[in-house]
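Open the model in your viewer and keep the selection tool ready. The stops below take you from one site to the next.

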Amino acid sequence: RSIDGLAALAWLTGGAALAFAVALALLATRGVLRPVRELGRAARLLGQGDLRTRITVSGSDELAQVAHTFNNTAAELERHVKQLRDMEADARRFVADVSHELRTPLAALTAVADILQEEAATLPEHAGQAARLVSQETLNLTTLVNDLIEISRFDSGVAALVLNEVDLTELVHSTLRTRGWPDHVHTHLPPAVTARLDPRRIDVILANLVGNALRHGRPPITIHLTTHPHQITIDVRDHGPGLHETVLPHVFDRFYKASTTRTRSEGSGLGLAIARENARL
């Protein structure tokens with residue numbers, strides 16, 4: 001009986017000790033896992049772009065030090081991102097302001113350049129070349145300023161669609177006629193394809209694609225217009241060598257040049273970027 005009593009007491013003591021140990025382990029685990037879970041949640045929010053995410057710090061152990069480090073890192077990252085955004089906003093505002101300020105003197109320069117262009121044939125050889133050069137460079141500068149103004153509208157979020165019911169077949173023909181391209185481009189357009197869209201935006205996109213095909217591709221240049229139940233596709237195609245695979249990811253970037261040897265080109269380097277922004281809009 002004494003041995004049985006001692007054994008029962010041992011079992012009771014062992015069970016109580018085990019229950020206490022389990023409870024203590026659960027409390028300790030909970031105390032460790034809770035900060036870790038909070039740290040993981042904060043890291044996910046930070047990765048999703050919520051730079052104001054912070055962790056509540058309690059205690060002075062290693063986990064508290066990790067929380068302090070995370071908060072300091074998040075605060076520094078938020079400061080750097082805000083600084084970069086402010087710099088980007090200043091740069092965009094500068095481009096927009098300069099572009100608008102240049103419009104008035106450019107209008108005067110364009111008028112003078114047109115007169116010089118008309119009189120170039122009657123001028124001496126070198127003077128005529130200079131007059132034609134001034135006229136062409138004024139035209140290029142005007143194009144660049146207009147493109148910068150257009151980009152600044154997209155950056156500031158003021159670009160808007162002006163929707164109309166448009167015959168797309170006629171719109172494509174009008175784009176080609178306006179720029180003198182009908183004889184250089186083959187079209188495959190079904191009759192009477194209408195859609196509600198912004199004709200000016202479509203004109204800009206189409207003109208950029210066809211212009212690039214004519215300048216950098218090889219004939220024949222073709223435009224196919226196909227209709228689907230819920231969309232219309234305009235496909236501009238040329239038969240040139242194409243672009244290298246390293247260039248493709250950057251072809252719609254602003255001011256990007258596929259060839260590093262070309263220090264200057266006749267375009268502004270913004271045409272395809274403007275076309276993409278119009279397509280997104």
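**Stop 1: a loop phenylalanine**

Select Phe-255, which lies in the loop between β5 and α6. Helices (H or I, at least four residues) and strands (E, at least two) are DSSP runs, numbered from the N terminus. Before going on, note that this is a predicted model: local features need pLDDT of at least 70, side-chain atom pairs count only at pLDDT 80 or more, and totals for chains, interfaces and linings use all residues. Residues are numbered from 1 along each chain as its sequence is written, and side-chain values use heavy atoms, with hydrogens and water left out.

Phe-255 counts as partly exposed, at 49% relative accessibility. Buried means under 20% relative accessible area, exposed over 50%, and partly exposed in between (1.4 Å probe, protein chains only). Phe-255 and Ala-273 are 18 residues apart in sequence, and their C-alpha atoms are 8.6 Å apart in space.

**Stop 2**

Select Arg-280 and Glu-277. Their side chains meet in a salt bridge, 3.9 Å from N to O. A salt bridge here is a side-chain nitrogen of Lys or Arg within 4 Å of a carboxyl oxygen of Asp or Glu. Arg-280 and Glu-277 are three residues apart in helix α6, so about one helical turn separates them.

**Stop 3**

The whole structure has eight salt bridges. Side chains of opposite charge can pair when their charged atoms come close.

Go to helix α2 and select Glu-76 and Arg-79. They form a salt bridge, with the closest N and O atoms 2.5 Å apart. Both residues lie in α2, three residues apart, about one turn of the helix. Glu-76 is partly exposed at 38% relative accessibility. Arg-79 is also partly exposed, at 45%.

Next, select Arg-179 and Asp-203. In this salt bridge, the closest N and O atoms are 2.8 Å apart. Arg-179 lies in the loop between α4 (168-178) and β2, and Asp-203 in helix α5, so the pair ties together parts that are 24 residues apart in sequence. Arg-179 is partly exposed, with a relative accessible area of 32%. Asp-203 is buried, at 18%.

**Stop 2: the second largest pocket**

Color the lining by element. β3 (194-197), α5 (199-216), β5 (232-237) and α6 (271-280) each supply at least two residues. The most come from α5, with five. Now color by type: the lining has 14 nonpolar residues, three polar and two charged. Ala, Val, Leu, Ile, Met, Phe, Trp, Tyr, Cys and Pro count as nonpolar, Asp, Glu, Lys and Arg as charged, and the others, Gly among them, as polar.

**Stop 3: backbone details**

Most residues other than glycine have a negative phi, and most peptide bonds are trans. Select Ala-192, in the loop between β2 (185-188) and β3. Ala-192 is not a glycine, yet has a positive phi of about 55°. Ala-192 is exposed, with a relative accessible area of 62%.

Move to Pro-219 and Pro-220. The peptide bond from Pro-219 to Pro-220 is cis, with omega near 0°. Pro-220 is found in the loop between α5 and β4 (221-227).

**Stop 4: back to α2**

Finish on Val-95, which lies in helix α2 (residues 62-119). Val-95 is partly exposed, at 31% relative accessibility. The C-alpha atoms of Val-95 and Ser-152 are separated by 7.3 Å, and the two residues are 57 apart along the chain.
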